[in-house]
Amino acid sequence: MEQRRYIELFTNPASVRLEEIPVLDYDRFLDFLEILMGEEGTHCVSYFVVPGEHTFRFICCMAADENHALVLFSHEQPRDPLPSIPSITAKHFQFHIFEREIHELTGIRFEGHPWLKPVRYPYDRYDRSQVMDNYPFFNIEGESLHEVGVGPVHAGIIEPGHFRFICKGEEVLHLEIHLGYQHRGVERLFTTGNGMISKSILAESIAGDTAIGHSQAFAGVTEALAGKSVPAGLHRERSVALELERMAVHIGDTAALCTDIAYQFGQVVCEALRTLVINTTQLWCGNRFGKGLVRPGGTNYPLTPQIAETILTNLKEVEERYNAITKRIFTLPSVLGRFEGTGTVTPKQATLIGAVGMAARSSGVYRDIRWSHPFAAYSGLSVEPVMLQKGDVWSRAMLRKLEVEQSVTLIRELLQQTATKEEHDSTRNGFLRPDYHMEFEKEALAISLVEGWRGEICHVALTGSNGEICYYKVKDPSMHNWMALALAVRSQEISDFPLCNKSFNLSYCGNDL
């Protein structure tokens with residue numbers, strides 16, 4: 001009988017026993033991966049190594065968008081001697097960041113990898129001699145060329161990251177992005193003995209502007225490991241919160257894009273509207289960024305009819321005023337002259353690097369977890385990804401406008417569903433409190449995907465023989481999309497970099513972990 005090559009999961013989040021994930025030899029692993037990569041829409045959501053006593057176990061999770069499945073398979077390598085295996089990146093570039101991370105943590109070599117450099121500089125990295133001061137930046141020799149270094153300390157409140165440009169005059173030939181300045185050991189902290197409350201707070205602190213997205217991914221992983229079902233009403237509440245977060249950041253980024261092109265009127269109007277959205281979230285749970293709102297198994301802040309009514313009232317005002325200001329923004333010749341054709345990422349480039357979320361959709365890649373692998377209440381909604389093709393700053397700005405409109409529609413639909421469901425009327429039936437004492441399945445793996453405002457968030461948790469979390473892996477969408485920014489500025493004037501950077505608004509801390 002032929003060895004089974006993979007296991008498919010058709011729910012999100014999902015849990016499976018570790019022994020059920022097939023272990024292939026590396027040649028068969030590569031052959032099967034090649035088949036998957038030949039299918040349209042299939043991409044890698046996580047690829048990592050779990051160290052064992054004598055072996056390294058490589059676990060790969062692929063998202064098959066067309067049949068809405070998560071495909072898991074693995075291979076093992078001995079720990080002694082330290083493995084050196086053929087690189088996947090040489091043929092499928094989207095794996096470059098996963099193999100770089102594995103190499104940094106374990107020392108495993110990937111033969112043929114074109115860019116095997118550090119990603120984060122974690123304290124427990126394999127080679128402690130690799131430090132920020134000796135990072136091997138790419139360089140080009142030439143009398144007409146010069147280098148420009150930006151950061152890691154930036155003006156304003158931007159997080160630390162170093163950008164090394166190689167320029168010919170004002171034209172950018174190459175940008176290398178060097179991160180890892182604030183590595184906090186987040187993944188290791190999930191495996192400590194701290195309780196579920198601490199881990200919940202940790203999850204919503206992974207990336208401050210995505211507190212709801214990451215905390216929802218953590219809740220999904222833990223509920224899957226515990227085999228715990230939550231009421232449909234709670235799923236609707238979480239989805240409303242996630243769409244409010246999407247709206248707040250998209251509107252705030254519209255303001256920031258206006259700032260970068262000196263259109264002050266657009267800036268101040270959008271900043272005021274963002275404030276209205278985050279103040280709505282604060283009314284709901286006491287925190288403008290939604291911290292404390294999403295918790296495993298239940299909630300401390302039920303969506304009451306009064307709060308729902310306030311959300312609808314504020315939505316109407318935001319919708320009307322945002323539509324009015326964006327009509328001005330996207331018809332002003334001075335704005336269009338800066339947005340159109342600046343910082344283009346082609347559909348081919350976006351596909352090759354495995355771009356996710358709005359960075360992918362603005363470049364014509366049909367990728368949205370709410371559609372492909374629906375979670376929470378999205379399986380009961382008709383979510384069609386908003387798509388644009390040009391891949392420039394204009395596309396990324398316009399996508400924000402269109403997704404704000406979509407979020408307004410989705411929130412109204414979710415609140416209408418809630419209003420017609422008696423079982424979720426918290427004034428009559430009470431509400432489900434968080435469960436911080438769930439018992440997890442032993443020696444299992446759980447995976448949770450969430451479409452945050454930036455894109456695809458992935459949390460994976462493994463449990464040991466005692467049922468405690470022994471390994472945790474986080475992937476913020478920025479991990480894929482930083483390379484998109486590096487590509488976007490090629491052949492641009494270096495003065496276009498701030499605008500291109502803001503058009504993606506990627507997370508430094510979400511990458512550094």
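Let's start with Arg 370, which counts as buried at 2% relative accessibility; buried here means under 20% relative accessible area, exposed means over 50%, and partly exposed is in between (1.4 Å probe, protein chains only). This is a predicted model, in which local features need pLDDT of at least 70 and side-chain atom pairs count only at pLDDT 80 or more, while totals for chains, interfaces and linings use all residues. Residues are numbered from 1 along each chain as its sequence is written, and side-chain values use heavy atoms, with hydrogens and water left out.

The side chain of Arg 370 meets that of Asp 368 in a salt bridge, at 2.8 Å from N to O. The term stands for a side-chain nitrogen of Lys or Arg within 4 Å of a carboxyl oxygen of Asp or Glu. Asp 368 is buried too, with a relative accessible area of 0%. Both residues belong to a network of salt bridges that also links Glu 243, Arg 246, Arg 361, Glu 403 and Glu 451.

## Other buried charged pairs

By this rule, the count of salt bridges comes to 27. One of them joins Glu 456 and Lys 475, whose closest N and O atoms are 2.4 Å apart. Glu 456 lies in strand β13 (residues 456-463) and Lys 475 in strand β14 (residues 469-475), so the pair ties together parts that are 19 residues apart in sequence. Strands (E, at least two residues) and helices (H or I, at least four) are DSSP runs, numbered from the N terminus. Glu 456 counts as buried at 0% relative accessibility, and Lys 475 does at 3%.

Glu 101 and Arg 120 make another such pair, their side chains meeting at 2.4 Å, N to O.

## Helices and their cover

Helix α7 (residues 264-285) has 22 residues and reaches 32 Å from its first C-alpha to its last. That is close to the 32 Å expected at 1.5 Å a residue, where the expected span is 1.5 Å times one less than the number of residues. Its buried residues include Gly 266, Val 269, Leu 273, Ile 278 and Trp 284. What covers them includes α6 (232-260) and α8 (305-329). After α7 comes Gly 286, whose phi is positive, near 90°.

How many residues of helix α15 (residues 478-488) are buried? The helix is mostly covered, with 11 of its 11 residues buried. Among them are His 480, Asn 481 and Trp 482.

His 250 lies in helix α6 and is buried, with a relative accessible area of 0%. Leaving aside neighbours within four places in sequence, His 250 is in contact with Tyr 322, Met 358, Arg 400, Glu 403, Val 404 and Trp 453; contact means heavy atoms within 4.5 Å.

Leu 414 sits in helix α13 (residues 393-419) and counts as buried at 0% relative accessibility. Not counting residues up to four places away in sequence, Leu 414 touches Arg 236, Ser 239, Val 240, Ala 377 and Leu 381. Leu 414 and Gly 380 are 34 residues apart in sequence and 9.3 Å apart in space, C-alpha to C-alpha.

## A strand with two faces

Strand β2 (residues 14-17) has a covered face, made of Ala 14 and Val 16, and an uncovered one, made of Ser 15 and Arg 17. Four bridges join β2 to strand β12 (residues 444-451), and the two run antiparallel. For strands to pair, DSSP must find at least two bridges between them. Ala 14 has Ile 447 as its bridge partner in β12.

## A nonpolar patch on the surface

Which residues form a nonpolar patch on the surface? They are Phe 138, Ile 140 and Leu 173, with about 220 Å² of accessible area together. Patches are made of residues with over 30% relative accessible area and no salt bridge, joining like charges within 9 Å and nonpolar side chains (Val, Leu, Ile, Met, Phe, Trp, Tyr) within 5 Å. Accessible areas come from the Shrake-Rupley method with a 1.4 Å probe, and for residues only the protein chains shown count as cover.

Phe 138 is found in the loop between β8 (109-111) and β9 (145-150). With a relative accessible area of 35%, Phe 138 is partly exposed.
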